[in-house]
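Student: Hi! Could we go through this structure together?
Tutor: Gladly, let's open it up.

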Amino acid sequence: MRALVTGVAGFIGSHLAEGLLKLGWEVRAIDSFTDYYSRKIKENNLKNLKENKNFSFQEGNLLELDLKKTLEGIDYLFHLAAQPGVRKSWGKNFGIYIRDNIAVTQRLLEEVKEFPLKKFILASSSSVYGESPLPMREDNVLRPISPYGITKLASEGLGYLYYKAYKMPVITLRYFTVYGPRQRPDMAFHRFIKALLNDKEITIYGDGNQTRDFTYISDAVEATIKAAWSEVTGEIINIGGGAQVTVNETLKILEEITNKKIKIRYIEKQKGDVLHTSANISKAKKLLNYQPKVKLREGLEKEVAWLATAKAQK
Ligand code: NAD
Ligand code: UGA
């Protein structure tokens, strides 16, 4: 099997590419090393991959690259490249989100619309729901409350257009707050654990009673590969971790794991942050045979162990 993974130097993309290589797939990959976070971290994410003879990497912006050769003969396209981050998507930054989340998705779909692709797997986000009734079901009304969520919803819409107009085998996955080793440095657990290990203060947005359905990275990767293999197309599917917990509860678990006391500063809730997320994963269970395996404590232990290595903190 031959796959293209976009956004491969990122958190989820690098793990996904490793998962595909383990299955014996040939993986072609693209990343432009956007400056959302440091290039050094992203290059580290690629280290293991680059040692594998079935892996090839092309650096460049998906909007500008000549994709002809890279796309030739691919069976699966995993589109993970994006400008992530809910809270930074306001104001002038919005242009970057439009470019990397909407225009890039449109270009890729255009480029492969006539290809005999087996599946186009599109990474979406729980942020398309906004303040939606819980647990969030795929057929809920979608009212994103962040500019980021708006761009992810638009990218879902593009996937649907090409599915309808060109019968492209598109499947869209709405990931819910993914965590684990190599988590992006702007995300909560990465920041909390780094601060704990260095005896620094952490900042909580709001009162810490907001909840998330945290999804461990290996579960997200497994769901993504299952989505590729499945016969299902034209569907949008939630990928959650199976439990809804408050941010305050996660801090208690982190204190127990590290045997340290967290210094906390509470500040105002951030614009764009949804108060609660919780995924109804019946569709993923039924259509993909997806069942999250990693419980929050176990997953956090793994992220702590990873961040405790000096290299990961640079
Ligand atoms: P990430 O920032 O770690 O990875 C994204 C990668 O895409 C980066 O390495 C970046 O350099 C690359 N990229 C961005 N624009 C590009 C362009 N124009 N050309 C080439 N490369 C480009 O993010 P992540 O957390 O791994 O997220 C991966 C995907 O999953 C994104 O689509 C994100 O919206 C989605 N998602 C993530 C989460 C999560 O909790 N991490 C949750 C829901 C959805
Ligand atoms: C995450 C990802 O960053 C998005 O890319 C993704 O699309 C989204 O999940 C999703 O599920 O769709 P978020 O839930 O904000 O977004 O993830 P975290 O950064 O891990 O934040 C979790 C919670 O902790 C949020 O309520 C946030 O406000 C809070 N937080 C975060 C803090 O209180 N302090 C911090 O320093 C960071």
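Student: Let's start with Phe55: buried or exposed?
Tutor: Phe55 is buried, with a relative accessible area of 9%; buried means under 20% relative accessible area, exposed over 50%, and partly exposed in between, using a 1.4 Å probe and protein chains only. Before we go on, this is a predicted model, where local features need pLDDT of at least 70, side-chain atom pairs count only at pLDDT 80 or more, and totals for chains, interfaces and linings use all residues. Residues are numbered from 1 along each chain as its sequence is written, chains are lettered from A and ligands numbered from 1 in the order in which they are written, and side-chain values use heavy atoms, with hydrogens and water left out.

Student: Thanks. Where is Phe55 found, and what is it in contact with?
Tutor: Phe55 is found in strand 3, residues 55-59 (helices, H or I of at least four residues, and strands, E of at least two, are DSSP runs numbered from the N terminus). Leaving aside neighbours within four places in sequence, Phe55 is in contact with Val8, Ala17, Leu21, Val27, Ala29, Leu46, Leu49 and Lys50; contact means heavy atoms within 4.5 Å.

Student: And how far apart are Phe55 and Trp229?
Tutor: They are 20 Å apart in space, C-alpha to C-alpha, and 174 residues apart in sequence.

Student: Switching to strand 1: why is it largely enclosed by the rest of the structure?
Tutor: Strand 1 covers residues 2-6, and four of these five residues are buried, so the rest of the structure largely encloses it.

Student: Which strands does strand 1 pair with?
Tutor: Strand 1 runs parallel to strand 2 (residues 26-31), with five bridges joining them. Strand 1 also pairs in the parallel sense with strand 4 (residues 76-79), over four bridges. Pairing here requires that DSSP finds at least two bridges between the strands.

Student: What do strand 1, helix 1 and strand 2 make?
Tutor: They make a right-handed β-α-β unit, with helix 1 spanning residues 11-22. Right-handed means that, with the strands pointing away from the viewer, the path from the first strand over the helix to the second runs clockwise.

Student: On to the ligands. How many residues surround ligand 1?
Tutor: 30 residues surround ligand 1, and the closest are Asp31, Tyr37, Tyr148, Lys152 and Val178. A residue is near a molecule or strand if one of its heavy atoms lies within 4 Å of it.

Student: Which elements supply that shell?
Tutor: Helix 1, helix 4 (94-112), strand 5 (119-125) and helix 5 each supply at least two residues. Strand 5 gives the most, with three residues.

Student: What about N and O atoms around ligand 1?
Tutor: An N or O atom in the side chain of Lys152 is 2.8 Å from an oxygen atom of ligand 1. From the backbone, an N or O atom of Phe11 lies 2.9 Å from an oxygen atom of the ligand, and one of Ser32 lies 3.1 Å from a nitrogen atom of ligand 1. Taken on its own, ligand 1 has 820 Å² of accessible area, and the protein covers 98% of that; areas come from the Shrake-Rupley method with a 1.4 Å probe, and for residues only the protein chains shown count as cover.

Student: Which residues come nearest to ligand 2?
Tutor: Of the 23 residues around ligand 2, the nearest are Ser125, Tyr148, Arg184, Arg212 and Asp273. An N or O atom in the side chain of Arg87 is 2.8 Å from an oxygen atom of ligand 2, and a polar side-chain atom of Gln210 lies 3.2 Å from an oxygen atom of ligand 2. The protein buries 95% of the 700 Å² that ligand 2 exposes when taken alone.

Student: Last topic, backbone geometry. What is the peptide bond from Leu134 to Pro135?
Tutor: That bond is cis, with omega near -10°, and Pro135 sits in the loop between strand 5 and helix 5. Most peptide bonds are trans, and most residues other than glycine have a negative phi.

Student: Where is Phe33, and what is its phi?
Tutor: Phe33 lies in the loop between strand 2 and helix 2 (39-50). Phe33 has a positive phi of about 50° although it is not a glycine, and it counts as buried at 8% relative accessibility.

Terms used: A polar contact is a pair of N or O atoms within 3.5 Å; within protein, one must be able to donate a hydrogen and the other to accept it, and residues adjacent in sequence count only if both atoms are side-chain atoms.
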